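Please read these points with the model open beside you.

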Amino acid sequence: MSTPGDILLQAQDLRKSFSLQRTMPDVLQRRPRRLLRALNGVSFDVRRGETLGIVGESGCGKSTLARCLVRLHEPDGGSLTFKEQDVLALSGPERRTYNRRVQMIFQDPYSSLNPRLTVRQCLAEALSVHRIVPASEIDARVVRLMDLVHLPREAADRYPHEFSGGQRQRIGIARALAVEPEIIIADEPVSALDVSVQAQIVNLLLELQNELGLALVFITHDLRLVHHIAHRIAVMYLGAIMEIGPTEEIFASARHPYTRALLAAVPRLVPGRRSGATAVQGELPSPLAPPPGCPFHPRCPIAKAICRQDVPGLGLRGGPWPAACHFAGPVEAPAPLPRQNISLL
Ligand code: SF4
């Protein structure tokens, strides 16, 4: 695999809220529209050739973040730069170029494929709209794409409904690759697939990353998966990043109480490792009414008075990687484990 290199994409303090429709009681009682705060100031970068895993519980803002990165949602605030270019200011041809360079793979490949187009037509459309190759070379490029995702060449003339879920995800990956991206944002790309097929798709993504030098942002709730594939992980909670750093070091010695609680829920992640932490307790608070101070304080086993008042920013606080906790834990010596192909069976 490629060695992670310089910064390609950088998000700074990204914010996104959704204004909810007022219900009849809201109208009768003249209550204002409620705001769902999906992203509350998210900052991170994506480096050339790396896999960044973004993990967290359902409803923590992972998918909203993915959609903001490819501008399916427009952030309300903050900045997003791609190779030092202001992404949120792009329009016209420059925006189309950005959309080529940063492609998304969706959880449900079927809903993202046009059922009326064969695979060949689907790939040819992407190649011609973005003028990737001359018309005379499209057939050859389709063959190359089918080979890259390990689908039989003759399957190019079939329709999406004729494929299994895993094969459809391969088609989705081929379509993303058709426009020669530098970053792929994969939003829960295997969570709808059988376990045996999940491993095949994940290994395909890693193989393509190696071959094409792609950066991969892998969004998932599956800590086992992210442990195997990601160089770095960002742990999200209630629309903010709680901790971001190298995967092995965080799995060996997480600094944030939320990360420790998540890891404690899957104790066999690191063989022989025992954790004194308890799994995360209680419900995720509503993003309609986030708690003041640290967003994790209602569930945190070591919360103090300051935690209920002051928001802890994502900072180093004397540690080797950033954590958003007033009392970010000390770091023990990590036990490095090699990144490897995955078998989920
Ligand atoms: Fe817990 Fe306080 Fe740290 Fe938040 S800031 S995670 S409440 S110790």
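1. E2 is the main contributor to the lining of the second largest pocket, giving four residues. E1 and strand E10 (240–246) also supply at least two residues each. Helices (H or I, at least four residues) and strands (E, at least two) are DSSP runs, numbered from the N terminus. The model is predicted: local features need pLDDT of at least 70, side-chain atom pairs count only at pLDDT 80 or more, and totals for chains, interfaces and linings use all residues. Residues are numbered from 1 along each chain as its sequence is written, and side-chain values use heavy atoms, with hydrogens and water left out.

2. The second largest pocket has a volume of about 410 Å³. Its lining holds 21 residues, and Asn40, Ala240, Gly293, Pro295 and Val311 lie nearest its centre. A pocket is an open set of points on a 1 Å grid over the protein atoms alone, with protein on both sides within 12 Å along at least five of seven lines; lining residues have an atom within 4 Å of a point. Points are joined across faces, edges and corners, and a volume is the space filled by probe spheres set on them.

3. By class, that lining has 13 nonpolar, five polar and three charged residues. Ala, Val, Leu, Ile, Met, Phe, Trp, Tyr, Cys and Pro count as nonpolar, Asp, Glu, Lys and Arg as charged, and the others, Gly among them, as polar.

4. The largest pocket contains about 470 Å³ of space. It is lined by 20 residues, and the closest to its centre are Asn99, Gln103, Met104, Phe106 and Arg175. Strand E6 (102–105), helix H4 (119–129) and helix H6 (165–178) each give two or more residues to this lining. The classes are 11 nonpolar, six polar and three charged.

5. How many cavities of 30 Å³ or more does a search of the whole structure find? Two. A cavity is a set of grid points where a 1.4 Å probe fits but cannot get out. The largest cavity has about 80 Å³ of space. Of its 13 lining residues, Cys294, Cys300, Cys307, Cys325 and His326 are the closest to its centre. The lining has 10 nonpolar, three polar and no charged residues.

6. The second largest cavity has a volume of about 30 Å³. Its lining includes Leu113, Asn114, Cys122 and Pro160. Six lining residues are nonpolar, two are polar and none is charged.

7. Now the sheet. Four strands form an open, antiparallel sheet in the order E2-E1-E4-E5. Strands E2 (35–47) and E5 (85–86) are the edges, each pairing on one side only. Two strands pair if DSSP finds at least two bridges between them. Strand E4 (residues 77–82) is joined to E5 by two bridges. Threonine 81 has aspartate 86 in E5 as its bridge partner. Helix H2 (residues 62–69) packs on the sheet and touches strand E1 (7–19), E2 and E4 (contact means heavy atoms within 4.5 Å).

8. Overall, the chain has 10 helices and 10 strands. Its C-alpha atoms fill a box of roughly 70 × 60 × 35 Å along the principal axes.

Technical notes
Axes are lines fitted to C-alpha atoms, for helices over the stretch in contact, and angles run from 0 to 180 degrees between N-to-C directions.
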